[in-house]
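Here is a short briefing on one structure.

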Amino acid sequence: MKIATWNVNSVKVRLPHLLDYLKSAQPDVLCLQEIKCPAADFPQLEIAALGYHVEALGQRAYNGVALISKQPPLEIVRGLPEAGDDDQARYIEASFGGGDGGEVRVASLYLPNGNPSGTDKFTYKLAWMERLIAHARGLLQLEIPFVLAGDYNICPADEDVYDPVAWRDDALCRIEARARFRALTYLGLTDAYRVFHREPHRYTFWDYQAGRWNRDEGLRIDHLLLSPQAVDRVTGCEIDKAPRGKDRASDHTPIWCELAV
DNA sequence: ATGACCTAACTTTTAGGA
């Protein structure tokens, strides 16, 4: 089962690239972030024409996540628990059947950016992470294969940043954010990319400005975190750089892992 | 050269992104 994640920065603008990606990469599940529209406005027909199901949690203008899948999603969860008055569309989760009866739970998440540091936006980011950690703790008790995929807005280490000195006080690199990402791994989750790749300076995001893409000056902020039962089955994890090089590209590119399920 | 982007929206400027 191939599970991919991609922050598309507007699903309407990116629809041609999205359809190309589904046709060429053939993911079983594709997690989207920043669809930037209400679920009712999601271009579902074009995707259904390729044989894919769509389940979206959206809002006007900002945020928004979705699950695109060959198998129909089951037991859909919209939003993290303990949301209170937080109505930002940043989390959707569902179960998917594998080819031979295996089942995998997959979440598409869009973690808050948190900039500028030291503001209520940063506080919100950390609080959101605490809710994610609590939810992950509950999922782990199920002892099933699951994947928490998405735009974490966190560079786990300096080697995941093109210029760690310039970025050291940014919310994406702050130690408080890194500590909570590490807490997820201490619970028992594994960064799928680092199972297969030890090289520094491998990125999933390149800013539109300052020629960052052409200079390969980016950030590794999109991640697939695997439960122990998923790590047991993972056979590969790769960053697909091609979509970032297209005209009218998202500033993120897809990353995927393959599970033997 | 201290610049350089992109998207959505009660759009002709602003907020948010990272």
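Strand β2 (residues 29-33) pairs with β4 in the antiparallel sense, over five bridges. The model is predicted. Chain A holds seven helices and twelve strands. Its radius of gyration is 17 Å, close to the 18 Å that the globule rule gives for 261 residues, so chain A is as compact as a globular protein of that length.

- Strand β4 (residues 65-69) is mostly covered, with five of its five residues buried.
- Both faces of β4 are covered. Val65, Leu67 and Ser69 are buried on one side, and Ala66 and Ile68 are buried on the other.
- In a regular strand, side chains alternate between the two faces of the sheet.

**The six-stranded sheet**

- An open sheet of six strands runs in the order β5-β6-β7-β8-β10-β9, and its pairing is mixed.
- Strands β5 (74-78) and β9 (190-191) stand at the edges. Each has a single partner strand, so one side of each is left without a neighbour in the sheet.
- Strands β5 and β6 are antiparallel and share three bridges. Arg78 stands opposite Ile92 in β6.
- Seven bridges join β6 to β7, again antiparallel. Gly97 stands opposite Glu103 in β7.
- Five of the seven residues of β6 (residues 91-97) are buried, so this strand is largely enclosed by the rest of the structure.
- Strand β8 (residues 146-151) runs antiparallel to β10 (residues 222-226), and five bridges join them. Val147 stands opposite Leu226 in β10.

**Strand β12 and its partners**

- Strand β1 (residues 2-7) is joined to β12 by four bridges, and the two run antiparallel. Ala4 stands opposite Trp256 in β12.
- Strand β11 (residues 234-239) is joined to β12 by five bridges, also antiparallel. Gly236 has Glu258 of β12 as its bridge partner.
- Four of the five residues of β12 (residues 255-259) are buried, so β12 is largely enclosed by the rest of the structure.

**Nonpolar core**

- The largest nonpolar core has 72 residues. Ile3, Leu32, Val65, Ala66, Val106, Val147 and Leu224 touch the most other members.
- Strand β7 (residues 103-110) gives the most to this core, with five residues.
- Which residues does Val147 contact, leaving aside its neighbours within four places in sequence? Val147 is in contact with Ile3, Val104, Val106, Leu224, Leu226 and Ala230.
- In soluble globular proteins, nonpolar side chains tend to be buried together.

**Overall fold**

- Taken along the principal axes, the C-alpha atoms of chain A fill a box of roughly 45 × 45 × 40 Å.
- Buried residues make up 43% of the 261 residues in chain A.
- Take the contacts in chain A between residues at least 6 apart in sequence: 68% of them join residues at least 24 apart.

**Two residues outside the strands**

- Asp163 is found in the loop between β8 and α4 (175-187).
- Is Asp163 buried or exposed? It has 10 C-beta neighbours inside 10 Å, so Asp163 counts as exposed.
- Asp163 and Glu217 are 54 residues apart along the chain, yet their C-alpha atoms are separated by 7.9 Å.
- Gln229 is found in helix α7 (residues 228-231). It has 17 C-beta neighbours inside 10 Å, so Gln229 counts as partly exposed.
- Leaving aside neighbours within four places in sequence, Gln229 is in contact with Glu143, Ile144 and Pro145.
- Gln229 and Leu142 are 87 residues apart in sequence and 10 Å apart in space, C-alpha to C-alpha.

**Around the DNA**

- There are 23 residues around DNA strand B. Ser10, Ala61, Asn113, Tyr208 and Gln209 come nearest.
- By class, the surface near DNA strand B has eight nonpolar, eight polar and seven charged residues.

How values were computed. Residues numbered from 1 in each chain as written. Chains lettered and ligands numbered in written order. Predicted model: local features only at pLDDT ≥ 70, side-chain atom pairs only at ≥ 80, totals over all residues. Near = placed C-beta within 6 Å. Nonpolar A, V, L, I, M, F, W, Y, C, P; charged D, E, K, R; others polar. Core = buried A, V, L, I, M, F, W, Y, C linked by C-beta atoms within 7 Å. Buried ≥ 20, exposed ≤ 12 C-beta atoms within 10 Å, placed from the backbone. Contact = placed C-beta atoms within 7 Å. Pairing = 2+ DSSP bridges. Rg over C-alpha atoms; globule rule 2.2 N^0.38 Å.
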